[in-house]
Amino acid sequence: MSDDKRLMKGNEAIGEAAIRAGCDAYFGYPITPQNELTAYMARYMLDSGRVFIQAESETAAMSMVYGASAAGGRAMTSSSSPGISLKQEGISYASGADVPCVVVNVQRAGPGLGGISPSQGDYFQATRGGGHGDYYNIVLAPKSVQEAADLTYEAFDLAEKWRTPVIVLADGLIGQMMEGVVLPPARDAGKRPDRPWAAGGRAETARSGSMRPINHICSMILDPPALEASVRARYERYARIEKELGRFESVNVDKARLVFVAYGTCARVCLGAIQLAKKEGLELGMVRPITLWPFPSAEIARVAQAGKRFLAVEMSMGQMVQDVRLAAEGKAKVDFFGRCGGVVPSEEEVLDYAKKLLAGAAGA
Amino acid sequence: MEKLYGHPKSLVDVQSKYCPGCGHGVIHRLIAEAIDEMGVQDRTIFMNPVGCSIWADLYFDCDSVQVPHGRTPAGATGVKRMRPDHLVVCYQGDGDLAAIGTAEIVHAANRGEKFTVVFVNNAIYGMTGGQMAPTTLVGQKATTAPHGRDPDVAGMGYPIRVVEMLATLAGTRYLARGSVDTPANVRKTKQYIKKAFEAQMRGVGFTMVEVLSPCPTNWQMSPTEAVDWLKGNMIPYYGLGEIKNELDGAAVAAPAAEKRGAA
């Protein structure tokens, strides 16, 4: 199965990877530019006897995910930016009740209805919790169809391991483009981790002679000290996630006079700019965060200590750049170049801006 | 000696937080009795609502899942689809089901989701302190309808007859409305609930029992006055009976609905 290579759209590869990861239940609502994903799940989930529902709304779809996961299933939903805003209610509840799930956001430009072209404008929403209350979600940022498949596949395991929603933060370009993808093997459903905390299935445990205590899947704790203790315990888990999970890719950092920080589609653009620069004899590099939460702050700090300067490149007005600045702690110059509204920056304009910075003709 | 009547096994033996004269305790008991009689306690998942009955997970001795306000039918859809052999009980109030969760109840019913909703209609928001509900009667006072519900000048709309509305949907199989104002109506309500639960376990479509229930605290009445008010005002508008019963295949559509006079 591991040599199972196909030419697929990012949206379809995400769907196939989810199915192979053992997704039991998918709930979605149509929105561009992720419609191929919902259609893929409709066809292949139903054909394999799994649960697919086109929900009445994004809000409802997210609560269906919450219910299916609470009852022991591997559950997923997908949407694009305006729809993800609607899902924040359920994501906050799932975070507060420690219910694992996978949420795919194929980002489009906002705010409001915005446009349907690619964007990275939901970085704040994804990495700062997004809904109400104190919480974080694991956020994975694929830069290719291959990585979209790989990270979606892994997202189900991470969600279960850490008992938290996992956001796959793609964008309209990753979702819509076609690339070759080597698909992961189908997961053996029998080898999944147990979910002793889930609702349902007490009858089976009763038959085995040891009735387990009842399980309440709930985010409500009305006693303030008790709620505080529960949130603090979750934050201890977040600290372990930050320690174990921060992931990034480094490109030519040691030689570089300027280091891009970019994820997803923008990382592809920066890679092109690095190659163009090399032809001109200019060494540029990149730190590409693969996990946006936890952010690879230690790597940014290390590169800052080494005396490099950064240029964050985003399809937004500057969101991730704040994390770069926080991680650099004033020890390195951090500049920003961004396009928004659904415009994907070109390699040339990114390179031009980098050259201007190095010549002292732009930036802070 | 055989014990014929006692505390239901599926209800934890604790004192409830509900106000004197509140209907939730009685309705909880009816649900627990039905679960006990069917022997499905260890296969029951209770969908815990938002509202006064958010305490239900303290009282029902079974697994529970608590979802956002109004989303109970969506959450239950996920639960039941993953656990089709379990009894999934949604417990919702009128604000939860008929205001913030209208889309969820309509579409779960229309899909014919195979769970049961127990819909407690007390014509008021309880936990938040007596605001107007979608089921508040015309003229009935609430903190957000201080001069009484006024559909015309203040544009407050009309009380929604949810069961009748859902009866038009092909996915619904059993829709009944009971009341807990008299022992006779309590017994009938129990029959409706058990019938719905048994239908669910047979895997037929969507089942729901609405229960008219007093809220003396927010109606600002004594418990006995509240029961009288329910009888004199709610029952004439929200007619009792099996509004739709297609459990035996043949459609037995809503004669009760036609008999009922408008308020």
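**View 1. A:Ile217 has B:Val65 as its bridge partner in β2(B).** This links two chains: β9(A) and strand β2 (residues 63-66) of chain B run parallel and are joined by two bridges. Strands pair if DSSP finds at least two bridges between them. Helices (H or I, at least four residues) and strands (E, at least two) are DSSP runs, numbered from the N terminus. Keep in mind that this is a predicted model, where local features need pLDDT of at least 70, side-chain atom pairs count only at pLDDT 80 or more, and totals for chains, interfaces and linings use all residues. Residues are numbered from 1 along each chain as its sequence is written, while chains are lettered from A and ligands numbered from 1 in the order in which they are written.

**View 2. Here's where the chains meet: 35 residues of chain A are in contact with 28 residues of chain B.** Contact means C-beta atoms, placed from the backbone, within 7 Å. On the chain A side, α3(A) gives the most, with nine residues.

**View 3. Helix α5 (residues 102-111) of chain B has buried residues, including B:Ile105 and B:His107.** Buried means 20 or more other C-beta atoms lie within 10 Å of the residue's own; exposed is 12 or fewer, and partly exposed is in between. The buried residues of α5(B) pack against α3 (58-70) of chain A, and also against elements of chain B, among them β5 (172-179). Just after α5(B) comes B:Gly112, with a positive phi of about 70°.

**View 4. β2 (residues 25-28) of chain A pairs with β3(A) in the parallel sense, over four bridges.** Look for A:Phe27 opposite A:Ile53.

Technical notes:
Two residues are in contact if their C-beta atoms, placed from the backbone, lie within 7 Å.
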